[in-house]
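Me: I've got a model open and I'd like to talk it through. Can you look at it with me?

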Amino acid sequence: MTDEALRYELRGELLAPGSAAYDAARVVWNGMIDRRPALIARCRNAADVVASVKHARTHGLAIAVRSGGHNVAGYAVCDGGLMIDMSPMNAVRITSGLDRAYVEGGATWGDVDAATTPFGRATPGGLISTTGVAGLTLSGGIGWLRGRHGLSCDNLIAADVVTAGGDLIHASEMENYDLLWALKGGGGNFGIVVNFEFRLHPIVEELMFCAPAYPEERANDILQQWRDYLASAPDEVSGLAEFSTIPRDPAYPEDTWGKRVLALATVYDGPAEEGERVTRPLRSFGEPLLDFSGRMPYRALQSIYDGLFPTGRDRCYWKSTYLSGLGDSVVSEITKHLAKRPSEMTFASIWKFGRAVQRVAADATAFGDRSMPFMLSLDAIWSDPADDDTNIEWVRDVWEDMQPHSTGRLYLNFPGFGEGETLVRDAFGAGTYARLQKVKRDYDPDNLFHMNQNILPQ
């Protein structure tokens, strides 16, 4: 099939360098990523995705798959290959029983929440509404509702997938179950998901968002109190402790500009009045510098971080590791490293995994073992290309120094640039990785889909 034949076959657009929409379509979230595909297929349906995969295979083109384009490593765009852009495929349909949502592969979590929350329903998503459903879900999906309902992938019931051979198949508990298992945390290795079926849960009209921001010089003490509070908190509580710097922005009091803080961002998945009572201790660890707490609908909550992470503006390098515990010595080491971060734009967070996440058996999903209580995410952000090496080296140094306190695994949505020969194998653990390799051999033996957190077929 020639390029013109593909252009004719597509319901969507086929963009080439020099066309009016090409440069806008190739931009992804991380401003460090500047790649130029030979073609961009802006798909509008599953048939467009099938035609694009067949074209790439016939002509030996590398494939990059874009839904939201938020992956920090920039897997959504390639140099010289075919970018399959599913962002026009963003429809969301919920069943009349309000217990299921069917979500197209290019939808964002904002699309999902806009369709489900008016009916008092939600499924666990991320923290930023412009994040793509596909990328987040396929590598796990950690969000505000994890305390009661687990990860995004735990709520995936079925999927329609375009395979490397250009076939459209269904993965569920009844058919291609091995593929469904692999999609629950195994990344985009096995095909292109054009439709997801998610389980929906009731969501109250207003939730309590508790977010006191304490001076960072008190971080050791605050983190220990936060850790102890979460040890006995109910499942409805999900949160993270976040290191950041108050920007020089009129939205914040001028006397706080440039000050480093530790914010305890926490959501109570239940009635707001009850949540305000349950989370009140987090606001009483001394005097907060600022307090962003308040009651709000889930849909509003899902977008409060959007302005801090605009598409294409900032340069980013994010790397994560699962912590085996958060003892006082670990807290001290984290705060020591964070005090030396080179960019005031950087965020770094400690995430607590709730009981709904940890109750899932290690072999039930490709996400694997759930015994880790915490995750440390080092999210370096800066604006000047001259600062690239300084910020990347800082993240890598801290990550290495934290390995004695790690389970040895990491969250593959925050993988750095995916560098390291054993990174993906280590992320899953040997047993899960071997099982994933078998699924990869069955569905993509030639590794056509390799622009991802790649699992080798052999």
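Predicted model: local features only at pLDDT ≥ 70, side-chain atom pairs only at ≥ 80, totals over all residues.

Me: OK. What's the strand order in the open sheet of four strands?
Reply: The order is β1-β2-β4-β3, and the pairing is mixed. Strands here are DSSP runs of E with at least two residues, helices are runs of H or I with at least four, and both are numbered from the N terminus. Two strands pair if DSSP finds at least two bridges between them.

Me: Which strands stand at the edges?
Reply: β1 (13-15) and β3 (63-66); each has a single partner strand, so one side of each is left without a neighbour in the sheet. Neighbouring strands are turned by 20° against each other on average, direction ignored. Those angles run from 0 to 180 degrees between N-to-C directions, with axes as lines fitted to C-alpha atoms, for helices over the stretch in contact.

Me: And how many bridges join β2 to β4?
Reply: Four, and the two strands, residues 39-42 and 82-85, run parallel. A41 stands opposite I84 in β4.

Me: Which strands does α3 lie across?
Reply: Helix α3 (residues 46-59) lies across β2, β3 and β4, and runs at about 170° to β4.

Me: Switching topic: what's the order in the five-strand sheet?
Reply: That open sheet goes β5-β6-β10-β8-β9, with antiparallel pairing. β5 (92-94) and β9 (168-171) are at the edges with a single partner strand each, so one side of each has no neighbour in the sheet. The twist averages 15° from one strand to the next. Five bridges join β6 (residues 100-104) to β10 (residues 192-199), and E104 has N195 as its bridge partner in β10.

Me: Which residues have the most contacts inside the largest nonpolar core?
Reply: W144, L183 and F196, in a core of 71 residues. Such a core is a set of buried Ala, Val, Leu, Ile, Met, Phe, Trp, Tyr and Cys residues joined through side-chain atoms within 4.5 Å. Helix α7 (residues 177-183) gives the largest share, five residues. Apart from this core lies another of 40 residues, among them M208, V278, L338 and L378.

Me: Last one: is R370 buried or exposed?
Reply: Buried, with a relative accessible area of 2%. R370 is in the loop between α12 (355-358) and β20 (374-382).

Me: What does the side chain of R370 make a polar contact with?
Reply: The side chain of T365, at 3.0 Å. A polar contact is a pair of N or O atoms within 3.5 Å; within protein, one must be able to donate a hydrogen and the other to accept it, and residues adjacent in sequence count only if both atoms are side-chain atoms. The backbone oxygen of V357 also lies 3.1 Å from a polar atom of the R370 side chain.

Methods
Residues numbered from 1 in each chain as written. Heavy atoms only, no water. Buried < 20%, exposed > 50% of the residue type's maximum accessible area, 1.4 Å probe, protein only. Contact = heavy atoms within 4.5 Å.
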